[in-house]
Amino acid sequence: MPSDSTDTQSEPPRDRVRRSAAVIVAVVCWVGAVAGCALTLMELVRYPRTSDAFVRANTVGVAAHVSGNIVELNVRDNQRVTAGEVLFVVDPRPYEAEVERLEAKLVVTDLEIEAFRQSVLAASASLEEMLAESAYAVSYLARLEPLLAQKFVTPNEVEKARSDAQASLGRVEAAEAQLKRAQRLVGDDLDGNARRQEVAASLADARLNIEYCFVRAQVSGYVSNLNIARGEYANQGVQLFTVVDDSRWYVLANYRETLLGRIEPGMTAEVWLLACPGQPLKGVVEGIGKAIFQPVGASVNALPDVPP
């Protein structure tokens with residue numbers, strides 16, 4: 001029976017070269033595969049990546065600050081708007097009427113204040129008159145009392161003079177009270193006139209409500225979830241639609257806990273979007289979330305929610 005060495009020696013040189021080349025290629029492929037796996041693993045560990053991520057942006061809810069019918073609607077769904085642009089207008093006529101009413105009330109208030117100030121002058125003059133009468137009555141009593149011992153006057157005259165003096169003092173106190181009341185009715189204080197300030201504040205608020213009738217975009221972005229039409233009644237503070245702020249975008253990505261040690265705030269991140277193939281975006285890591293909502297085990301009615 002022939003041996004293997006004999007077979008090898010009898011094998012043509014071309015076959016031996018082919019076999020050697022096949023062995024070398026197999027070894028190179030195996031080594032390359034191992035090296036590729038090792039390099040890929042090192043790359044994944046050194047530069048963590050994930051496909052469990054999504055893009056988000058800040059949103060601003062749009063609501064009217066005053067109630068009323070929408071008389072102008074200047075946007076449509078998915079339209080881009082700029083900050084300060086008028087989105088819709090609430091009927092301003094009721095608020096304009098309120099402004100006119102308060103402007104008239106302010107004029108009347110100024111007239112009332114002037115009348116109260118005249119009352120203060122009258123009360124002050126009346127007080128001076130009462131003071132003069134009281135001073136005379138007291139002086140007259142002081143002159144009569146010494147004459148009673150000499151019987152130049154009767155006791156009734158002295159008693160009447162005493163009564164007049166006491167009454168005059170009471171009239172002085174009443175005049176002083178009337179003057180204080182008149183001064184308070186005017187409403188003047190160190191910061192101005194309180195009566196006028198009250199009406200002026202209401203007027204300023206009414207004028208501000210007219211400005212609130214013109215609802216403007218607070219940020220630049222895209223209108224979303226617009227389901228209203230002209231004529232819709234807008235309730236104060238009730239959100240009507242949303243503006244998506246496109247000035248800044250965020251990517252929220254979920255990583256395994258074993259990779260979090262290699263991610264730090266301030267690091268450069270590369271983002272690939274399915275909507276933009278071949279166009280990587282650059283970003284900066286802002287931070288690592290400290291907690292997430294976990295449906296499994298969450299408390300429901302003070303009990304853990306664990307699916308069977």
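Tyr140 has a relative accessible area of 34%, so it counts as partly exposed; in the terms used here, buried means under 20% relative accessible area, exposed over 50% and partly exposed in between, with a 1.4 Å probe and protein chains only.

Before going on, a word on the model. It is a predicted one, in which local features need pLDDT of at least 70 and side-chain atom pairs count only at pLDDT 80 or more, while totals for chains, interfaces and linings use all residues. Residues are numbered from 1 along each chain as its sequence is written, and side-chain values use heavy atoms, with hydrogens and water left out.

**Aromatic pairs**

Rings of Phe, Tyr and Trp (its six-membered ring) pair if their centres lie within 6.5 Å; planes under 30 degrees apart count as stacked, over 60 as edge-to-face and the rest as tilted.

| Pair | Centre to centre | Angle between planes | Type |
|---|---|---|---|
| Phe88 and Phe241 | 6.1 Å | 65° | edge-to-face |
| Tyr136 and Tyr140 | 6.1 Å | 15° | stacked |

Phe88 belongs to strand E4 and Phe241 to strand E10, so their pair ties together parts that are 153 residues apart in sequence. Both Phe88 and Phe241 are buried. Tyr136 and Tyr140 are four residues apart in helix H3, and about one helical turn separates them.

**Overall make-up**

The protein contains five helices and 14 strands; these are DSSP runs numbered from the N terminus, with helices (H or I) of at least four residues and strands (E) of at least two. Of its 308 residues, 23% are buried. Contact means heavy atoms within 4.5 Å, and among contacts between residues at least 6 apart in sequence, 69% join residues at least 24 apart. The protein exposes about 22,200 Å², of which carbon and sulfur atoms supply 56%; such areas come from the Shrake-Rupley method with a 1.4 Å probe.

**The open sheet**

Four strands make an open sheet in the order E1-E10-E8-E3, with antiparallel pairing. Strand E1 (53–63) and strand E3 (80–81) are at the edges with a single partner strand each, so one side of each has no neighbour in the sheet. Two strands pair if DSSP finds at least two bridges between them. E1 and E10 are joined in the antiparallel sense by 10 bridges, and strand E8 (residues 221–224) pairs with strand E10 (residues 239–253) in the antiparallel sense over four bridges.

Which residue of E10 is the bridge partner of Val223? The partner is Val243, and Val60 also stands opposite Val243 in E10. Ser224, for its part, stands opposite Thr242 in E10.

**Two nonpolar cores**

A nonpolar core is a set of buried Ala, Val, Leu, Ile, Met, Phe, Trp, Tyr and Cys residues joined through side-chain atoms within 4.5 Å. The largest one has 28 residues, and Leu87, Phe88 and Phe241 are those with the most contacts inside it. Strand E4 (86–90), H3, H5 and E10 are the elements that give two or more residues to this core. Apart from it lies another core, of 10 residues, including Ile113, Leu127, Val172 and Ala182.

Leaving aside residues up to four places away in sequence, the residues that Leu87 touches include Val62, Leu73, Val81, Val215, Phe241 and Val243.

**Helix H4**

At 1.5 Å a residue, the 32 residues of helix H4 (residues 155–186) should span 46 Å, and its end C-alpha atoms are 47 Å apart, which agrees; the expected span is 1.5 Å times one less than the number of residues. The buried residues of H4 are Val158, Ala161, Ala165, Ser168, Val172, Ala175, Leu179, Ala182 and Val186. Helix H3 (93–149), strand E5 (188–189), strand E6 (192–193) and helix H5 (194–212) are among what covers them. Just after H4, Gly187 takes a positive phi of about 90°.

**Two asparagines with positive phi**

Most residues other than glycine have a negative phi. Asn78, though not a glycine, has a positive phi of about 70°. Asn78 sits in the loop between strand E2 (68–73) and E3, and counts as exposed at 57% relative accessibility. Asn225 also has a positive phi, near 60°. The loop between E8 and strand E9 (233–234) holds Asn225, which is partly exposed with a relative accessible area of 48%.
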